[in-house]
Amino acid sequence: WQTVYAWEGYDYEKGTFVEIEKGNLVREGETIEIYDYEDGEYREVEVEDIDNQGSTVELEVYDPETGETRTLEMED
């Protein structure tokens, strides 16, 4: 379980930077808010999987608005 403070990362599939604002509890099954720099807006996504890759953390999230699953590579 991890509470993050402006956690920055990248969505390689979409080619955009994302940020998770402070106060989001990043845990499987939780809904979190991300800021998508490409869209210039906040999005609510559901955390489906968390994989610690050493110096990065890979988050698999589901975006119910688009119906897409996204993989976000976050800085540890």
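User: Why is arginine 70 called buried?

Analyst: Arginine 70 has a relative accessible area of 3%, and buried means under 20%, with exposed over 50% and partly exposed in between (1.4 Å probe, protein chains only). So arginine 70 counts as buried. Keep in mind that this is a predicted model, where local features need pLDDT of at least 70, side-chain atom pairs count only at pLDDT 80 or more, and totals for chains, interfaces and linings use all residues. Residues are numbered from 1 along each chain as its sequence is written, and side-chain values use heavy atoms, with hydrogens and water left out.

User: What makes aspartate 36 and arginine 70 a salt bridge?

Analyst: Their side chains meet at 2.9 Å, N to O. The rule asks for a side-chain nitrogen of Lys or Arg within 4 Å of a carboxyl oxygen of Asp or Glu, so the pair passes. Aspartate 36 sits in strand S5 and arginine 70 in strand S8 (residues 68-75), so parts 34 residues apart in sequence are tied together. Strands here are DSSP runs (E, at least two residues), numbered from the N terminus.

User: Is aspartate 36 buried or exposed?

Analyst: Buried: aspartate 36 comes out at 0% relative accessibility.

User: Which salt bridge does aspartate 36 form with a lysine?

Analyst: That one is with lysine 14, at 2.8 Å, N to O. Lysine 14 is partly exposed, at 30% relative accessibility.

User: Why is glutamate 41 called partly exposed?

Analyst: Its relative accessible area is 34%, so glutamate 41 falls in the partly exposed class. Glutamate 41 also pairs with arginine 43, the closest N and O atoms being 2.6 Å apart.

Note on methods
Helix = DSSP H or I, 4+ residues; strand = E, 2+ residues; numbered from the N terminus.
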